[in-house]
Amino acid sequence: MRPIRLRRAVVLATATLSIAGLVGCSTTTGGSTAGGDVPQELVVAAWTPIENLDPHGASAMDNGTQVAAKAIYSALVRTVGKGQFEGVLAESWQPNEDATEWTFRLRGNVTFSDGKPVTSADVVASFNRVLELKGAMASNYAGHEAKESGADTVVITSKDPDPALLGKLSTFYVTPAAQEKWDKPVGSGPFVVERFTPGQSLVLAPNPGYWGGKPALRRLELRSIGETAARMTALKTGEVDLTWAVPDDQLPGLQANSDLVVEKDQGNGVITMWMNSSAKGLGDPAVRRALWQAVDFPTIVTSLFPETGSVADSVVTPNVLGYAPQTPVKYDQAAAKAALDKAGWDYDQTIRFQFSQPQFQQFTDAVASDLAKIGVKVEPIQKESAVFLQDLLALNWELNIQQLGTAGFDAATNLGRLYTCAAKRMGYCNEDLDKLLAEAGSTSDTAKRQELYAQANKIIWDDAVGMYPMYVRTLYVRNKSVQGFTVPQDLTPDFSKVRIGGDG
Amino acid sequence: MTKYALRTAATGVLIIFGAATLVFFIMRLAPGDQAIVLLGPDATAAEVADARARLGLDQPLPVQYWHYLGQLVTLDFGESYRFGQPALDLVLSRLPASVELALAATVVAMLGVVFGALAGAYRGRWIDRGISGLALTLYSMPPFWIGIMLILVMALQLRLLPSAGVGTPAHIVLPALTLAAPFTALLTRITRSSVAETMAEPHVRRAYAKGLSTREVVTGHVVRNAATPVVTVGALHISTLLGGAVIVESVFSWPGLGSLLVTAVSNRDYSIVQAAVLLIAAIVVCCNVAADLIAARLDPRVRLGGAS
Amino acid sequence: MSAITVRTRLWPVRLRSTPAVATAAAVVLACYLLVGLVGPLLIPYDPVATSVADRLLPIGAVRQDGTLALLGTDGAGRDMLGQLVHGARTSIVIGVSVVATCLAVGLALGTLAGYLAGWTDVAISRLIDVLMAFPGILLAIVIAGLFDQGMLVVVLALSVAGWVAFARLARGLTLSLRVRPWVDAARLIGVPTPVVIVRHIIPFVIGPVTALATTEFAGAVLSEAGLSFLGLGLPSSTVSWGQVIANGKDYLDTAWWISALPGLALTGLVVSTGLLGDHLTQRLGSSR
């Protein structure tokens with residue numbers, strides 16, 4: 001990987017990070033006691049820098065800020081699985097019939113680290129702050145409004161039905177209404193800030209008054225190490241105890257070290273390669289299917305991403321509400337070539353294949369290589385994040401690759417958001433699909449939504465709106481002395497239950 | 001002397017103003033603006049337009065420039081939209097780390113002066129060949145390559161030094177060595193040629209004629225005269241050491257100005273880029289003045305206020 | 001008197017560089033040029049043709065289809081030998097383009113500033129000062145980061161600050177040349193300024209400037225590698241050594257050859273350029 005890493009890396013991809021999921025796939029072996037004489041100190045290497053501790057502002061959706069926010073603040077709810085949520089600050093919640101009004105009841109006994117109670121006024125103030133700051137998070141809540149109704153009840157209303165609100169709220173953190181110092185903020189999470197150097201390191205101490213019980217760690221440091229090689233070296237030498245987003249190719253070097261334990265999450269990222277339906281020649285679904293068919297994705301996936309990748313069979317991952325398995329697209333260059341000839345494909349046309357993140361470099365090269373074999377010209381173009389984003393929205397590409405996640409494990413935040421005619425994200429417009437998505441977005445009946453999104457899934461897959469070659473999982477590597485760590489499903493680990501044992 | 005001071009100050013202000021203008025226009029003319037990066041991929045066109053208006057990006061460029069100059073005069077660079085802190089504070093908070101690294105690298109690079117003097121004094125001998133060859137090789141290696149090799153050997157294999165980050169004095173060793181490598185080579189080469197040239201001058205010949213040893217000649221007659229170009233070139237490279245250490249900072253996760261600048265460019269965080277570039281320009285101007293003054297002290301032939 | 005004769009031996013007598021070293025350097029450089037010119041014709045390499053099943057093969061390994069990967073393969077299964085040979089061409093082309101651009105711009109502005117003096121000189125000198133206050137690599141990063149990847153952008157990014165060194169040198173030399181009698185004479189008999197500059201100034205400036213060009217060539221090749229390392233260099237469709245080194249840096253403990261080979265090739269090129277440059281500086285250069 002190359003070093004200038006856009007901290008939006010995952011964010012851009014996942015658009016909204018899916019959250020929490022404390023029911024991890026692989027829990028660590030839990031020794032029963034934390035070794036009394038082992039210093040309870042943990043150093044974590046964050047792969048994106050933590051630049052800002054404000055969970056509402058411009059950096060709110062960054063992985064670094066989200067990781068810090070989970071340690072310092074509390075959200076209203078967190079995701080525990082497909083369409084399932086668990087209360088954090090909220091004790092219970094209730095949507096109205098058409099999901100335009102959600103009522104949350106707060107726990108009564110939660111206090112901020114400065115001793116003041118968490119009230120509905122703080123929740124409303126935090127929500128308003130998100131809207132006022134108009135950062136990346138604000139677009140989640142267009143037409144939403146929060147009101148207090150007594151000290152322990154908050155009502156969130158929206159203009160349009162929003163059945164996926166809980167998923168979005170899992171990245172919404174509550175701060176005191178009177179918060180002033182954002183470099184040493186007050187929160188109600190398991191840790192409090194001891195020292196924060198933006199973009200460099202965040203040192204945390206346990207919050208003795210944490211409502212979930214004081215964490216075992218005495219000191220937690222989140223160190224930003226952007227350079228992959230440096231991050232791996234620090235892990236091998238024991239300078240850091242835990243990191244994630246470890247590239248597949250680094251694994252052989254790490255596995256030689258018996259002190260390290262490798263785990264992976266379930267993941268809900270899908271490598272999504274939209275084809276611009278509004279571009280010349282690509283409006284025809286037969287052409288798009290043929291291009292997809294011409295690439296040997298199984299070989300590419302198993303060669304480049306043997307650990308983290310698996311061949312996808314849907315637009316969203318199996319752990320997402322709205323998943324439905326589709327007919328695999330079989331690699332067949334002869335058939336692809338025949339279909340392109342039949343559709344009258346212009347072999348002089350060059351497909352501009354844009355990407356931003358360095359880990360796609362080899363992937364895009366391999367795709368271009370396969371397509372070149374049947375005479376289709378593809379030019380992979382790596383763009384700087386700002387330019388990539390601008391061109392992405394302007395549809396200034398023919399083929400685009402990014403990793404898309406599904407926030408809240410609910411297809412509403414992926415299919416419902418991106419594939420409508422109005423969204424204009426890949427030049428594709430299908431009225432039948434629009435109707436399905438609109439219907440799914442206005443009901444709160446989970447079974448019905450699953451059914452509708454499954455149908456949408458099929459249309460998108462069969463029309464080859466994009467190529468959907470691979471599901472992505474994330475590798476977590478930790479020192480075996482780190483115990484009680486649960487691999488999160490949303491790239492934001494929870495350190496409240498972690499302790500350091502003598503050995504694994 | 002007053003004339004020199006006035007002239008220097010005027011030139012310095014002009015240079016800083018030029019740097020400020022350059023960075024302003026380069027950043028604004030580039031594709032991809034703050035509003036888009038700020039809002040992410042899900043924003044609607046209306047939201048983007050709204051954000052552009054809030055950030056003042058919808059105004060004509062000359063108006064923005066005028067506004068920017070107004071802010072400059074009061075040293076107000078605005079807030080970084082990503083960090084949510086005043087840009088100048090952020091830049092200043094990174095300065096100590098950069099200065100620390102630059103100083104450490106300069107100390108290491110002083111070895112170059114010693115080696116260069118040796119090579120120059122014994123020009124043409126094996127010791128000169130050895131030193132010159134080594135310096136050339138060092139100068140010819142990509143700095144990031146040297147850094148990676150140092151990590152591989154010193155941190156990974158021998159486990160002698162930490163690989164990245166800051167904290168203990170040991171953390172600075174590898175980045176300082178890496179940053180110093182090309183600089184050391186450069187100083188070696190410059191000192192060598194400067195010393196060799198001075199060695200050929202009449203007063204040195206006379207010193208030899210008086211029967212002094214090479215060592216006495218070099219320390220007594222050569223070093224002072226040969227120092228001028230070394231100081232000048234050294235000062236010119238301060239900017240490289242301070243703001244140009246980007247690659248070294250990236251390899252070692254060193255939290256200096258360079259890495260802040262690179263992320264700021266990629267985020268289109270204009271206020272940070274502007275503040276950082278201005279600070280670096282100001283430091284360079286100061287270093288150049290200092291070099292002028294030192295050169296004038298060392299070598300009476302150099303007159304202040306001559307050709308710039 | 002005897003003291004002097006005795007000391008003479010200690011004296012740095014051999015002030016000129018040995019022609020043997022310079023010759024050797026020139027031969028090595030010629031080899032690089034030859035590889036860059038002819039190599040791509042002999043050793044086919046298609047950056048588009050990846051073969052992910054053959055990725056990260058060590059030196060001398062055999063590919064799935066039975067062919068030999070003489071110098072191994074990279075992370076996308078592309079042949080390292082091909083990359084080295086084709087990268088030689090890219091590095092040389094970039095180095096030469098950057099130096100040519102800088103030399104042309106620097107020579108023109110430098111001689112103009114030196115010859116015309118007055119406001120022209122002030123303007124150009126201040127421009128030089130401004131650019132000197134910017135760390136060169138930083139300016140390159142800003143420019144390379146702001147536009148689409150490509151050879152032209154890299155050349156531009158490295159040239160924007162690169163011409164300054166040439167301009168300074170040319171200006172300094174011109175300042176002393178313009179008061180020489182033959183220049184004065186030409187001016188007095190009414191020879192137009194451009195002609196004076198081309199006929200009577202540039203021939204005397206070109207020597208030292210050429211010597212400087214070798215140093216700048218080495219710098220440009222190294223800077224391109226640095227930009228690639230930061231992910232701001234060339235697109236993957238154009239192979240360069242810097243890019244290959246950067247691509248291999250995550251494989252140092254598992255596939256060292258990816259970074260090591262182009263690193264050695266690069267160092268060899270820069271060292272021989274440097275040796276030749278030293279020689280040229282002594283033959284043609286001003287003292288500095």
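**Sheets, domains and a chain contact**

Let's start in chain A. Seven strands form an open sheet there, in the order S10-S11-S12-S1-S13-S21-S14, and the pairing is mixed. Before going on, a caution: this is a predicted model.

Which strands stand at the edges of that sheet? They are strand S10, residues 191-197, and strand S14, residues 260-264, both of chain A. Each has a single partner strand, so one side of each is left without a neighbour in the sheet. From one strand to the next, the twist averages 20°.

Now look inside the sheet. Strand S1 of chain A, residues 41-46, runs parallel to strand S12 of chain A, residues 219-224. Six bridges join the two. Take one residue as an example. Val43(A) has Glu221(A) in S12(A) as its bridge partner.

H5(A) lies across S1, S13, S14 and S21 of chain A. Its direction is at about 160° to S1(A).

How many bridges join S7(A) to strand S8 of chain A? Five, and the two strands run antiparallel. Glu148(A) stands opposite Val154(A) in S8(A).

One residue deserves a stop: Asp249(A). Find Asp249(A) in the loop between S13 and helix H6 (251-255) of chain A. Is Asp249(A) buried or exposed? Buried, because 22 other C-beta atoms lie within 10 Å, and 20 or more count as buried. Phe305(A) is 56 residues away along the chain, yet the two C-alpha atoms are separated by 8.0 Å. Asp249(A) also touches residues of another chain: Gly75(C), Asp250(C) and Tyr251(C).

Now to where chain A meets chain B. Here 40 residues of chain A are in contact with 35 residues of chain B. On the chain A side, helix H1 (9-14), helix H5 (228-236) and helix H11 (385-393) each supply at least two residues. The largest share comes from H11(A), with seven residues. By class, that side of chain A has 20 nonpolar, 12 polar and eight charged residues.

On to chain B itself. The domain assignment gives domain 1 (2-74) and domain 2 (93-303). Their centres, taken over C-alpha atoms, are 33 Å apart. The contact takes 13 residues from domain 1 and 11 residues from domain 2 of chain B. On the domain 1 side, helix H1 (2-29) and helix H2 (34-39) of chain B each give two or more residues. H1(B) gives the most, with nine.

Last, the unreviewed UniProt entry. Its "transmembrane region" annotation covers several stretches of chain B, including 101-122 and 170-190. In the model, residues 101-122 of chain B are 95% helix, and the end C-alpha atoms are 32 Å apart. Residues 170-190 of chain B are 86% helix, with the end C-alpha atoms 30 Å apart.

Key:
Residues numbered from 1 in each chain as written. Chains lettered and ligands numbered in written order. Predicted model: local features only at pLDDT ≥ 70, side-chain atom pairs only at ≥ 80, totals over all residues. UniProt positions renumbered as here; feature names shortened; annotations may be inferred. Helix = DSSP H or I, 4+ residues; strand = E, 2+ residues; numbered from the N terminus. Contact = placed C-beta atoms within 7 Å. Nonpolar A, V, L, I, M, F, W, Y, C, P; charged D, E, K, R; others polar. Pairing = 2+ DSSP bridges. Axes fitted to C-alpha atoms, helices over the stretch in contact; angles between N-to-C directions. Domains from an automatic or database assignment. Buried ≥ 20, exposed ≤ 12 C-beta atoms within 10 Å, placed from the backbone. Lists of a residue's contacts leave out its neighbours within four places in sequence.
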